[in-house]
Amino acid sequence: MLTLANLGYVMSDVASDGFMVWIAHREPIQKRGKTQTLIYSANKLRQVFINLLILVGFSGLMINCPGYQPDPAIPCTTDPRIMSRTEFAPNHLLDWCYRTCLDATFDWDISIPDFALIIAFINTSSIPFYCRLKEERASKEHVSHFLQSFWRQLQRRAAWQVILYSMISH
């Protein structure tokens, strides 16, 4: 599910960057760059918010204490891979998973489903803004014409050098 969310993010990010270029070409010289500055500032502010949410939300017991179990009715695991990652297992064989480790910053945290719900709420709240967009109708471009112009672009030296660099460096 998160893979599909990331795919949607990439698609919307590329589309919004293209739209930003379109807007930049149509801005008057006196205002040029102000819209881009506003949009990218808001984008970075959202990124800071999400990073703070991750930093604070995933600094609790469930994420940072291996094998932590908040419910005393559930017995501690005997999996040696998990028990080897905690300092309590050797000395407290029966109740090691109910103890708070020192790696946790807070005594609470956000689960992955809760984090996904927060992100879904943020994305859903942007739908009214999307509905208010007014777009001009553009004439359809034939696929063959598009592919021919795409092929001409790929044959340019700068294009294949960027593509080659991207393939080699990643």
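**Questions on a predicted model**

Author: In this predicted model, Leu55 is found in helix α2, which spans residues 34–57.

Reader: Why is Leu55 called exposed?

Author: The relative accessibility of Leu55 is 53%. Exposed means over 50%, so Leu55 counts as exposed.

Reader: What makes Leu55 part of a patch with Val48, Leu52, Val56, Phe106 and Trp108?

Author: These residues form a nonpolar patch on the surface, with about 530 Å² of accessible area together. A patch residue needs over 30% relative accessible area and no salt bridge, and nonpolar side chains are joined within 5 Å. At 53%, Leu55 is exposed.

Reader: Why is the pair Glu27 and Arg32 not called a salt bridge?

Author: Side chains of opposite charge can pair when their charged atoms come close. A salt bridge requires the nitrogen and the carboxyl oxygen to be within 4 Å. Arg32 is 5.0 Å from Glu27, so buried Glu27 has no salt bridge.

Reader: What does Glu27 have around it instead?

Author: Leaving aside neighbours within four places in sequence, Glu27 is in contact with Arg32, Gly33, Lys34 and Thr35. A polar atom of the Glu27 side chain lies 3.1 Å from the backbone nitrogen of Gly33. The cut-off for a polar contact is 3.5 Å, so this distance falls within it.

Reader: How many salt bridges does a search of the whole structure find?

Author: The search finds one. Arg81 forms a salt bridge with Asp79.

Reader: How do you know that Arg81 and Asp79 form a salt bridge?

Author: Their closest N and O atoms are 3.2 Å apart. The limit is 4 Å, so the pair qualifies.

Reader: Why do Arg81 and Asp79 get separate labels for accessibility?

Author: Arg81 has a relative accessible area of 63%, and exposed means over 50%, so Arg81 is exposed. Asp79 has 21% relative accessibility. Buried means under 20%, so Asp79 counts as partly exposed.

Reader: What makes Trp96 buried?

Author: Trp96 lies in the loop between α4 and α5. Its relative accessibility is 2%, and buried means under 20%, so Trp96 counts as buried. Not counting residues up to four places away in sequence, Trp96 touches several residues, among them Pro66, Gly67, Cys76, Ile82 and Phe88. Trp96 and Gly67 are 29 residues apart in sequence, with C-alpha atoms 8.5 Å apart in space.

Reader: Is Ala89 buried or exposed, and why?

Author: Ala89 has 4% relative accessibility; the limit for buried is under 20%, so Ala89 counts as buried. Ala89 is placed in the loop between α4 (80–83) and α5 (112–125). Beyond four places in sequence, Ala89 touches Met83 and Trp96.

Key
Residues numbered from 1 in each chain as written. Predicted model: local features only at pLDDT ≥ 70, side-chain atom pairs only at ≥ 80, totals over all residues. Heavy atoms only, no water. Patch = residues over 30% accessible without salt bridge, like charges linked within 9 Å, V, L, I, M, F, W, Y side chains within 5 Å. Areas by Shrake-Rupley, 256 points an atom, 1.4 Å probe, with all protein chains shown as cover. Salt bridge = Lys/Arg side-chain N within 4 Å of Asp/Glu carboxyl O. Helix = DSSP H or I, 4+ residues; strand = E, 2+ residues; numbered from the N terminus. Buried < 20%, exposed > 50% of the residue type's maximum accessible area, 1.4 Å probe, protein only. Lys, Arg positive; Asp, Glu negative; His and termini not counted. Polar contact = N/O pair within 3.5 Å; in protein donor to acceptor, adjacent residues only side chain to side chain. Contact = heavy atoms within 4.5 Å.
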